[in-house]
Amino acid sequence: MEEIAHAELELFPDESWTVFQLAEEIAHPDRRYVLAADGPAAQGRLLGYAGIMVAGDLADLHTIGTLREGDGIGRALLTWCEQQARDAGAESMLLEVREDNARARRFYTAAGYREIDRRRGYYRIRGRQIDALVMQRALAG
């Protein structure tokens, strides 16, 4: 839990979750979380993590973070989340991404997500208001 919290601070310094928030989130029965780690049996250094919430036929990607770019870790985590959502009966996945996060927007678009809504001023960071883009992908197949 502490490693994830440290990764949160590194990856999302303006909106990171605390150890306590993470523990509560991971313990919730409608959530599914996964870690990616280095080494045999993935027992080494944390490389990434992801989590979803499943509610009936809809899943919501709550978080995804990778500490090493370009190795396909993010894509593997997203694939795992999508499969977990399908297995739980979800037909589509929603996510929110900051409008100013071009890298994440490209990643999700390449994975088949499309923008369906905008939440104006959703993120309030250091006196700025940044829109959240809501993206969705069907999980059929």
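Reply: A polar contact is a pair of N or O atoms within 3.5 Å; within protein, one must be able to donate a hydrogen and the other to accept it, and residues adjacent in sequence count only if both atoms are side-chain atoms. The side chain of Arg98 has such a polar contact, at 2.9 Å, with the side chain of Asp100. This is a predicted model, in which local features need pLDDT of at least 70 and side-chain atom pairs count only at pLDDT 80 or more, while totals for chains, interfaces and linings use all residues. Residues are numbered from 1 along each chain as its sequence is written, and side-chain values use heavy atoms, with hydrogens and water left out.

Arg98 belongs to strand β4, residues 92-98 (strands are DSSP runs of E, at least two residues, numbered from the N terminus). Arg98 counts as buried because its relative accessibility is 18% (buried means under 20% relative accessible area, exposed over 50%, partly exposed in between, with a 1.4 Å probe and protein chains only). Leaving aside residues up to four places away in sequence, Arg98 touches Asp14, Glu15, Arg105, Tyr123, Ile125, Ile130 and Asp131 (contact means heavy atoms within 4.5 Å).

One of these neighbours, Tyr123, is buried at 13% relative accessibility. Tyr122 is partly exposed, at 42%. The structure holds 3 aromatic pairs (rings of Phe, Tyr and Trp, the last by its six-membered ring, pair if their centres lie within 6.5 Å; planes under 30 degrees apart count as stacked, over 60 as edge-to-face and the rest as tilted). The rings of Tyr122 and Tyr123 have centres 5.0 Å apart and planes at 85 degrees, so this pair is edge-to-face.

Notes
Helices (H or I, at least four residues) and strands (E, at least two) are DSSP runs, numbered from the N terminus.
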